[in-house]
Amino acid sequence: MRTQVVIVGGGPAGLLLSQILHLQGIDTVVLERQSEEYVLGRIRAGVLEQGLVDLLRAANVGDRMDREGQIHEGFEVSWEGRRQHINLAELTGGKTVMVYGQTEITHDLYDARRAMGGTVVNKAEDVTLHELTSHKPYVTYRKDGKSHRIDCDFIAGCDGFHGVSRQSIPKSVRQEYERVYPFGWLGILSKTSPVSSELIYSQHERGFALCSMRNPKLSRYYIQCSSSDSPENWSDEAFWEELKRRIPEDAAQKLEVGPSIEKSIAPLRSFVSEPLSYGRLFLAGDAAHIVPPTGAKGLNLAASDVHYLSTALIEFYKNSDDALLSAYSETALKRIWKAMRFSWWMTTLLHKFPENKGFGDRIQQTELEYLFSSRAAQTALAENYVGLPY
Ligand code: RFL
Ligand code: PHB
C-alpha cells in the first residue's frame with residue numbers, strides 16, 4: 001500500500017492533521033494503536049485558544065463546538081481568601097478562550113474522517129518506522145495477526161509521549177529537556193452544575209485546586225495530590241471535602257456534589273525533545289513535548305504544531321518547495337518554548353512545593369501579591385493564557 005503521509009497516532013494532533021491535509025487533496029493514513037472507543041473514553045483538556053478554534057473551523061469540524069462550546073471572557077485566581085478576576089477580553093483587546101472538551105473534539109474529528117472517507121486504522125500493533133533519512137520511508141504494522149507495509153513520502157509522529165516516533169530518532173540526535181514536578185493532579189468529572197460560570201484557579205496552603213467544566217451540567221475539578229497517590233485512595237466524599245477546603249468559601253458553600261463519573265491522576269512534567277524532525281519524520285504534539293496542565297496549553301500546542309506542519313506539507317505538495325518543512329522544527333520550537341515557560345510559571349505560582357519552605361514560599365506569595373496588584377502582570381498572564389500568535 002502507498003500513501004503520501006503516514007500519520008502515527010489518532011489523537012487530536014494526528015486526526016486534525018489528517019483532516020487538514022485531506023481537504024487539500026493530500027492522501028494520508030492514520031495508524032492508531034488503540035480502539036476508537038478507548039481513544040474517545042479519555043478525559044483530558046478543556047480550554048481552547050482562538051488559534052485552535054479557528055483551525056477546527058477551517059478544517060470543517062467546528063460546527064458542534066460552535067453550538068455547544070462556551071466562550072469564556074475571563075477566569076479567577078484565588079489566594080488566601082482573596083479573589084482576582086482576570087478579564088481576558090479586556091486585557092487582550094477582545095480575545096477569549098472556548099471551553100469544549102478534547103474528548104468532543106476527537107469525537108468530531110473521527111466523525112469527519114469517516115464522512116470524508118479518510119483511512120484511520122485502529123488497533124494497529126507494532127508500528128515501526130523505516131528508512132527515515134531516505135526519500136522512500138515506509139511504515140510497518142500488524143493488525144488482526146497480519147503484517148502490513150505502507151510506503152510514503154513523509155511520516156508525521158503524532159503518537160503522544162509514550163509513542164514510537166520520538167524513539168525512532170537516534171538518541172545521539174535528540175536533545176531532551178525535562179522537569180518532573182513533585183506532585184500530580186487528581187481530577188474528577190461529575191454530572192453536576194459547575195460551581196461558577198468561569199474557571200477558578202486556587203492557590204491554597206493545602207495545595208492547588210481548579211474548578212473547571214465541560215458544559216452547564218458537567219463539571220471538572222482537580223486537586224493537587226502527591227505523585228505517589230492513587231485514585232483508589234480517594235472516595236468521592238473525601239475528594240469533595242478536600243476541594244471545599246481549597247476553594248473560596250462562598251464557592252465551597254454552593255458547590256454541588258455528586259458521584260464522579262471519572263477519577264484519575266495525571267503526573268505533572270515539562271518536557272521537550274529537540275529537534276522535531278529527522279529526515280522524513282516530523283513530530284507534533286505530545287510526541288515531542290509535554291507541559292503541566294496548569295496553563296491549559298497541551299492540546300493548544302499540539303494544534304499550533306499541526307498548523308505549522310500542515311502548512312509546510314501543503315507548500316511542498318502544491319509548490320514543490322521544502323523550505324517550510326526544513327524550518328518546521330525551528331519554527332514550532334519557538335512557540336513551544338514560550339508555552340513551556342508560561343506553563344512552568346503558572347505551575348510554580350499556584351502549587352504547594354514540598355521543598356519550598358522559607359525563601360521559596362515568600363517569593364511565591366510576593367509573585368501572587370504582584371499579580372493581584374498590577375495590571376501589567378495580569379496582562380502578561382492574560383496574553384499567554386489566550387495563546388500567543390502562530
Ligand atoms: P495524544 O492525545 O496522546 O494522542 C496520541 C495518540 O497516539 C496513540 N499512540 C500510538 N499509535 C500507534 N502506534 C503507537 N506506537 C502509539 N503510541 C501511542 C495513542 O493511543 C493516542 O491516541 O497526543 P496528541 O494528539 O499530541 O494530543 C495532545 C493532547 O492530548 C495533550 O497535550 C493534552 O491532553 C494534555 N493534557 C491536558 N492538556 C490540557 O491542556 N489540559 C488538561 O486538562 C489536560 N489533561 C492531559 C491531561 C494529558 C494527559 N495524559 C497524556 C496522560 C490529562 C492527561 C491524563
Ligand atoms: C480542564 O477543564 O480539564 C482544564 C482546564 C484548565 C486547565 C487545565 C485543565 O488549566
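Guide: Two bridges join S3 to strand S7 (residues 97-99), and the pairing runs in the antiparallel sense. Please keep in mind that this is a predicted model. One of the residues concerned is Val-47, whose bridge partner in S7 is Val-99. In general, the strands of a sheet are paired through hydrogen bonds of the backbone, and the pairing may be parallel or antiparallel. Here the sheet is open and has three strands, in the order S3-S7-S4, with antiparallel pairing. Strand S3 (47-48) and strand S4 (70-72) each have a single partner strand and stand at the edges, so each has one side without a neighbour in the sheet.

The structure contains 20 aromatic pairs. One of them joins Trp-79 and Phe-372 in an edge-to-face arrangement, with 5.4 Å from centre to centre and 75° between the planes. An angle over 60 degrees is what makes such a pair edge-to-face. Because Trp-79 belongs to strand S5 (residues 74-79) and Phe-372 to helix H11 (residues 359-373), this pair ties together parts that lie 293 residues apart in sequence. Trp-79 is buried, at a relative accessible area of 3%, and Phe-372 is buried as well, at 10%.

Tyr-308 and Tyr-390 make up another pair, this one tilted, with the centres 6.3 Å apart and the planes at 45°. Tyr-308 is in helix H9 (residues 298-319) and Tyr-390 is in the segment after helix H12 (375-386), so the parts tied together here are 82 residues apart in sequence. With a relative accessible area of 13%, Tyr-308 is buried, whereas Tyr-390 is partly exposed at 32%.

Some rings gather in a group: Phe-75, Trp-185, Tyr-201, Phe-208, Tyr-222 and Tyr-385 form one aromatic cluster. Tyr-385 also has a charged residue over its face, namely Lys-297, at 5.6 Å from the ring centre.

An N or O atom in the side chain of Tyr-222 is 3.3 Å from an oxygen atom of ligand 1. A backbone N or O atom of Leu-299 lies 3.4 Å from an oxygen atom of ligand 1, and a polar backbone atom of Arg-33 is 3.1 Å from a nitrogen atom of ligand 1. Taken alone, ligand 1 exposes 1000 Å², of which the protein buries 85%. Ligand 1 is surrounded by 29 residues, and the closest are Glu-32, Arg-42, Arg-44, Gln-102 and Asp-286. At least two residues of this shell come from helix H1 (12-23), and at least two from H9.

Finally, consider a loop. Ser-134 is placed between strand S9 (125-130) and strand S10 (138-143), and it is partly exposed, with a relative accessible area of 23%. A polar atom of the Ser-134 side chain lies 3.0 Å from the backbone oxygen of Glu-131. The backbone nitrogen of Lys-136 is 2.9 Å from a polar atom of the Ser-134 side chain. Between the C-alpha atoms of Ser-134 and Ala-124, which are ten residues apart along the chain, the separation is 24 Å.

Key
Residues are numbered from 1 along each chain as its sequence is written. Chains are lettered from A and ligands numbered from 1 in the order in which they are written. This is a predicted model: local features need pLDDT of at least 70, side-chain atom pairs count only at pLDDT 80 or more; totals for chains, interfaces and linings use all residues. Side-chain values use heavy atoms; hydrogens and water are left out. Rings of Phe, Tyr and Trp (its six-membered ring) pair if their centres lie within 6.5 Å; planes under 30 degrees apart count as stacked, over 60 as edge-to-face and the rest as tilted. Helices (H or I, at least four residues) and strands (E, at least two) are DSSP runs, numbered from the N terminus. Buried means under 20% relative accessible area, exposed over 50%, partly exposed in between (1.4 Å probe, protein chains only). A charge sits over a ring if NZ of Lys or CZ of Arg is within 6 Å of the ring centre and within 35 degrees of the ring normal. Two strands pair if DSSP finds at least two bridges between them. A polar contact is a pair of N or O atoms within 3.5 Å; within protein, one must be able to donate a hydrogen and the other to accept it, and residues adjacent in sequence count only if both atoms are side-chain atoms. A residue is near a molecule or strand if one of its heavy atoms lies within 4 Å of it. Accessible areas come from the Shrake-Rupley method with a 1.4 Å probe; for residues, only the protein chains shown count as cover.
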